Amino acid sequence: MFNILKKVFGKTGDAIKEVVPEKKKEITKDEFEDILLEADVNYELVERLLEALPEKINRIQAFNSLISVFQYKADWKESDNKPYIEMIIGVNGAGKTTTIAKLAYRYKEMGHDVILGAGDTFRAAAIEQLSRWAEKLNIPIIATQQGHDPSAVVYDSIESAKAKGIDNVIIDTAGRLHTQTNLSEELKKMIRVAGKAMEGAPHRKMLILDGTQGSSSINQAKAFNEMVGVDGIIITKLDGTAKGGSVLSIADELQMPIFYIGTGEQPKDLIRFKANEYVNTILD
Ligand code: GDP
């Protein structure tokens, strides 16, 4: 786990090592500032963290400073509902479809049966792309034609999972945040219908954020959270970037749990996010 994280955030780590010789026990505030800015942590957050620190900072102080950003309250709890219904939301291009494939792969590896619901009926390409993943991963999918009611997909996916004893239902949703105003109503209806098909569903509304997008990701997250309430975040595209610091900015601004990070384009490229390991990697 740590090694994978190291690989993902390695570039950030290397950038830091250029500034701070490895064996140096303490760093100055100025050096710490350089480390954080270099890692693309948002300036306002950097300044706020520095304010609370003394002029010379040891590793424990640096760790405590960074970990304090992750002290959000997670009121969402792991549940053992079967089927477990998850809705995946986020803007087009953030990595929703790919992340659904990654989650499905992960659940299959855990020995679970999975079904997908192609709930972005607004875009034919989204239905096709998700269907291709379903075929590749050899899992069933409920899909209709473009333009059909996505709530029907939600209902049918959950009914099918109940009938067949499937463990996990992962439902895609439309992500046309900037082009259509009725997205909010559509998502709310999908949630309402999920609750009709199974009490308490959806059990988790997971927001997908592109980790390379900085503050625009944060604004999107706020918009989706206002629309439907978000239970947690998956940050994608954290491979091949020295900007692992966006994780800190996102956690700080949104105060929502980060569940996973995406580290590539393949189904296996998803790792569980652990704040202490992430902070240690930045400081190593
Ligand atoms: P959607 O429109 O939100 O469904 O986004 P897609 O799942 O189609 O992803 C958009 C693009 O980002 C595709 O080319 C994906 O392969 C790519 N992508 C998604 N997640 C990751 C990731 O974690 N790392 C990298 N490098 N690319 C990703």
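How are helices α7 and α8 oriented to each other, roughly parallel or oblique? In this predicted model, local features need pLDDT of at least 70 and side-chain atom pairs count only at pLDDT 80 or more, whereas totals for chains, interfaces and linings use all residues. Residues are numbered from 1 along each chain as its sequence is written, and side-chain values use heavy atoms, with hydrogens and water left out.

The secondary structure of the protein amounts to 11 helices and 10 strands. Helices (H or I, at least four residues) and strands (E, at least two) are DSSP runs numbered from the N terminus. Of the 284 residues, 55% count as buried, where buried means under 20% relative accessible area, exposed means over 50% and partly exposed lies in between (1.4 Å probe, protein chains only). Among contacts with a separation of 6 or more, 76% are made by residues 24 or more positions apart; contact means heavy atoms within 4.5 Å.

Helix α7 (residues 150-164) packs with helix α8 (residues 183-197) at an angle of about 25°, the axes being 8 Å apart. Axes are lines fitted to C-alpha atoms, for helices over the stretch in contact, and angles run from 0 to 180 degrees between N-to-C directions. Helices α7 and α8 are therefore roughly parallel to each other. Angles under 35 degrees count as roughly parallel, over 145 as roughly antiparallel, 65 to 115 as roughly perpendicular and the rest as oblique. The crossing of α7 and α8 is right-handed; a crossing is right-handed if the near helix is turned clockwise from the far one by less than a right angle, and left-handed if anticlockwise. On the α7 side, the contact is formed by Pro-150, Ser-151, Val-154, Tyr-155, Ile-158, Glu-159 and Lys-162, which meet Glu-186, Lys-189, Met-190, Val-193, Ala-194, Lys-196 and Ala-197 of α8. By class, the residues of this contact comprise 8 nonpolar, 1 polar and 5 charged. Ala, Val, Leu, Ile, Met, Phe, Trp, Tyr, Cys and Pro count as nonpolar, Asp, Glu, Lys and Arg as charged, and the others, Gly among them, as polar.

Helix α8 itself has 15 residues and reaches 21 Å from its first C-alpha to its last, close to the expected 21 Å at 1.5 Å a residue. The expected span is 1.5 Å times one less than the number of residues in the helix. The buried residues of α8 are Leu-183, Ser-184, Glu-186, Leu-187, Met-190, Ile-191, Val-193, Ala-194 and Ala-197. These buried residues pack against β3 (84-89), α7, β6 (168-172), β7 (204-210) and α9 (215-228). Ser-184, located in α8, counts as buried at 15% relative accessibility. Ser-184 and Glu-226 are 42 residues apart in sequence, with a C-alpha to C-alpha distance of 9.2 Å.

Arg-59, Ala-62, Phe-63, Leu-66 and Ile-67 of α4 meet Ala-275, Asn-276, Val-279, Asn-280, Ile-282 and Leu-283 of α11. The residues of this contact divide into 8 nonpolar, 2 polar and 1 charged.

Helix α5 (residues 96-109) has 14 residues and reaches 20 Å between its first and last C-alpha, close to the 20 Å expected at 1.5 Å a residue. Its buried residues are Lys-96, Thr-97, Thr-99, Ile-100, Ala-101, Lys-102, Leu-103, Ala-104 and Tyr-107.

Most residues other than glycine have a negative phi, and most peptide bonds are trans. The peptide bond from Lys-82 to Pro-83 is cis, with omega near -5°; Pro-83 is in the loop between α4 and β3. The bond from Ala-201 to Pro-202 is also cis, with omega near -5°, and Pro-202 lies in the loop between α8 and β7. Asn-138, in the loop between α6 (124-137) and β5 (141-142), has a positive phi near 60° and is exposed, with a relative accessible area of 64%. Gln-255 has a positive phi of about 50° and is found in the loop between α10 (246-254) and β9 (258-262). At 38% relative accessibility, Gln-255 counts as partly exposed.
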